[in-house]
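Below is what I looked up, entry by entry.

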Amino acid sequence: MYGNGPVFKAEGTSFRDQPYAEQLPQGLWTTGLCDCHEDAHICVQTAIMPCVSFAQNVEIVNRGTIPCMNAGLIHLALGFIGCSWLYAFPSRSRLREHFALPEEPCRDFLVHLFCTPCAICQESRELKNRGADPSIGWLSNVEKWSREKVTPPIVVPGMIR
């Protein structure tokens, strides 16, 4: 389902054992949809070029299987015809699945249809707050986690029958 990327759970360690996990609400968004002011860099970047912020998020959420450049160009092209939300909302769903987050304030496609910039900012903040820096890319995050000997901050999805 997620390609051949590294598994998000180290042997003998659980997500909740990591230092950053204790401060985060489990199963809840760490920031609200309209809290763009909490990270001015992401806010400005997304206001000017939402395709860049979106692409950085997609690379992390998809464990490096979708290159940042590809995601950004697709988002940009769809943005010219007003349909970037069609490409963006599945990424939000995947992010929610990784962190067991609720679908709020409404369905993912509606959030991206009506509030795409706010949704992209919230998703980027969520990744940063949970220990993944979208601005450095997937491979750099994996290297950082290996160097720091921490479990990547993404919950392993349960098996589905």
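Is aspartate 39 buried or exposed? I get a relative accessible area of 15%, so aspartate 39 is buried. My cut-offs: buried is under 20% relative accessible area, exposed is over 50%, and partly exposed is in between, with a 1.4 Å probe and protein chains only.

**Ground rules.** I am working on a predicted model, where local features need pLDDT of at least 70, side-chain atom pairs count only at pLDDT 80 or more, and totals for chains, interfaces and linings use all residues. Residues are numbered from 1 along each chain as its sequence is written, and side-chain values use heavy atoms, with hydrogens and water left out.

**Aspartate 39, continued.** I find aspartate 39 in the segment before helix 1 (40-48). Its side chain makes a polar contact with the side chain of lysine 128, at 3.1 Å. A polar atom of the aspartate 39 side chain also lies 3.3 Å from the backbone nitrogen of histidine 41. For polar contacts I take N or O atom pairs within 3.5 Å; within protein, one must be able to donate a hydrogen and the other to accept it, and residues adjacent in sequence count only if both atoms are side-chain atoms. Skipping residues up to four places away in sequence, aspartate 39 touches Arg125 and Lys128; contact here is heavy atoms within 4.5 Å.

**Overall layout.** I count six helices and zero strands in the protein chain. Helices (H or I, at least four residues) and strands (E, at least two) are DSSP runs, numbered from the N terminus. Of the 161 residues in the protein chain, 42% are buried. Among contacts with a separation of 6 or more, 70% come from residues 24 or more positions apart.

**Cores.** The largest nonpolar core has eleven residues, including Trp29, Ile60, Val61, Leu95 and Trp138. Helix 2 (50-61), helix 4 (84-99) and helix 6 (138-148) each give two or more residues to this core. I also see a second, separate core of six residues, with Phe54, Val58, Ala71 and Ala88 among them. By nonpolar core I mean buried Ala, Val, Leu, Ile, Met, Phe, Trp, Tyr and Cys residues joined through side-chain atoms within 4.5 Å. Leaving out neighbours within four places in sequence, valine 61 is in contact with Ser91, Arg94, Leu95, His98 and Leu127.

**Helix 3.** Which residues of helix 3 are buried? I get Ala71, Gly72 and His75. Seen down the axis, the buried residues of helix 3 fall within an arc of 100 degrees, so they line one face; the arc is that of the directions from the helix axis to the C-beta atoms. They pack against helix 2, helix 4 and helix 5 (108-129). On the other side, Met69, Leu73 and Phe80 are exposed. Glycine 82, with a positive phi near 75 degrees, follows helix 3.

**Cysteines.** I searched the whole structure and found zero disulfides, a disulfide being a pair of cysteine sulfur atoms within 2.5 Å. For cysteine 118, the nearest cysteine sulfur is that of cysteine 36, 4.0 Å away. Cysteine 118 counts as partly exposed, at 23% relative accessibility.

Most residues other than glycine have a negative phi, and most peptide bonds are trans. I noted a cis peptide bond joining glutamate 104 and proline 105, with omega about 5 degrees. Proline 105 lies in the loop between helix 4 and helix 5. Alanine 100 has a positive phi of about 55 degrees, and alanine 100 is found in the loop between helix 4 and helix 5. Lysine 149 has a positive phi near 55 degrees, and is exposed with a relative accessible area of 74%.
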